[in-house]
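Morning, everyone. I have one structure to show you today. Please take a look before I start.

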Amino acid sequence: MEPKKVLVITYYWPPAGGPGVQRWLKFVKYLPDFGVQPIVYVPENPTYPIVDENLISEVSDKAIILKQKIFEPYQLASFLSKNKTKKMNSGIIPNQKKQSFLDKLFLWIRGNLFIPDARFFWVKPSVAYLEKYIAENNIDTIVTSGPPHSLHLIGLDLKKKLHLKWFADFRDPWTTIGYHKSLRLSNYAAQKHKDLESEVLNTADTIIVTSKTTKKEFEALTTKPIAVITNGYDVEKVDKQPLDTKFSLAHIGSFLSARNPKILWESLVELIAEIPEFKTHLEIKLIGAVSQEVLDSIAAFGLNDYLNNLGYVAHEEAIAHQRKSQVLLLIEIDSEETKSIIPGKLFEYMVSNRPIIALGPKGSDFAEIITGTNTGVFFDYSEKEKLKKIILGYYTQFLEGKLQSHGVGLQKYSRRNLTEQLVQLLTSNF
């Protein structure tokens, strides 16, 4: 039986690093196991804020990869300030009070001239190329993955032109995502975003989201079916790691300004003062892009002596650090808009056998997952004393050589099982 063809339109693809690439890289890896031929359409010359060449080896040899050139204004903006452009491209937006004139200018241009984002120049040429390819190769199902949400506009135009089934996959929300308010949007631009979001949600045949809260938000905007398929973990071939000899608290991934967990820094300072030996063991390990505001805050609390800022490392090395660190930190912005965000690294954290300390807004979707899998403890930003008590408990277990997590029910979040859910959705009603 000939496999079913599915065209996946995505921006982030190896050698892109960071969390945005993992979801569809892993779906594509397992789709052939379920009788689906993945055809992946990606930009030929993208501007990726993070590059991880090692991920190229993870691309399925059964996937057909299509590439077309893209024009991105980030390439022009980098002439003004390469550093600022790279940070903004990776989602690191300076605190509003500390934004320079150039920061404000870049944000205004990004929010008001590039709608829905700076990749919208790729829409028309992609539609022209794919319209022909789809017809010539008898493809009846496409998936668009955003952000960048301009890729959904490719799906929108193709749906209008051709008879096909379109699945719009939202790794993150659109107009309610945390950084949206930082883009200095005019009333016109804000409405334009909402109009495009509404048109996509009401034209796609099925919406795929990663959290229950995003599903609830979208249900208020469309009557189209919405499926929740979370991110997950894959079986990683990493050698068994010796645990850090320090009491290491590791944060892996982008550490944005708005995620600055002052109650964590306060708790650590108090424990240093109250327990003399605590300071001889403590290590704050940061892996990935870290905003200057977070680094300034750590310095202001007098914690620089305990800081180990490793910067971005390859995905394989990041997995190794997840398994050797004593405690893993998962921190989300304290806002209503971020309740729906389930960081992709959560699932890799959960299978590392290391306990998780998670901070986020009350009612966060990921709190339910952490509690349900017994992989750590969640705190909202008002629970400093509870946080401090848990850190002390973990520290005591560390001294006794007994610190470990005991996860349950993790298999449902494996990439292969999640791909099976996806295939059931993609092949329904055919």
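This is a predicted model: local features need pLDDT of at least 70, side-chain atom pairs count only at pLDDT 80 or more; totals for chains, interfaces and linings use all residues.

The whole structure holds 20 aromatic pairs. One of them is Phe347 with Tyr413, a tilted pair at 5.3 Å centre to centre and 40 degrees between the planes. Phe347 is in helix H13, while Tyr413 is in the loop between H15 and H16, so the pair ties together parts 66 residues apart in sequence. Phe347 and Tyr413 are both buried. Elsewhere, Tyr41, Trp122, Tyr129 and Tyr133 make up one aromatic cluster.

Now, helix packing. How do H1 and H16 cross? Their axes come within 9 Å, at roughly 80 degrees. The two helices are therefore roughly perpendicular. On the H1 side, the contact residues include Trp24, Phe27 and Tyr30. On the H16 side, Leu418 and Leu422 are among them. By type, the contact has five nonpolar, two polar and four charged residues.

Last, confidence. The chain averages a pLDDT of 90, and 91% of residues score at least 70. Residues 77-82 fall below 50, with six contacts beyond near neighbours in sequence. Residues 84-90 are also below 50, with 19 such contacts in the model.

Conventions. Residues are numbered from 1 along each chain as its sequence is written. Side-chain values use heavy atoms; hydrogens and water are left out. Axes are lines fitted to C-alpha atoms, for helices over the stretch in contact, and angles run from 0 to 180 degrees between N-to-C directions. Helices (H or I, at least four residues) and strands (E, at least two) are DSSP runs, numbered from the N terminus. Angles under 35 degrees count as roughly parallel, over 145 as roughly antiparallel, 65 to 115 as roughly perpendicular and the rest as oblique. Contact means heavy atoms within 4.5 Å. Ala, Val, Leu, Ile, Met, Phe, Trp, Tyr, Cys and Pro count as nonpolar, Asp, Glu, Lys and Arg as charged, and the others, Gly among them, as polar. pLDDT is the predictor's confidence in each residue, from 0 to 100. Rings of Phe, Tyr and Trp (its six-membered ring) pair if their centres lie within 6.5 Å; planes under 30 degrees apart count as stacked, over 60 as edge-to-face and the rest as tilted. Buried means under 20% relative accessible area, exposed over 50%, partly exposed in between (1.4 Å probe, protein chains only).
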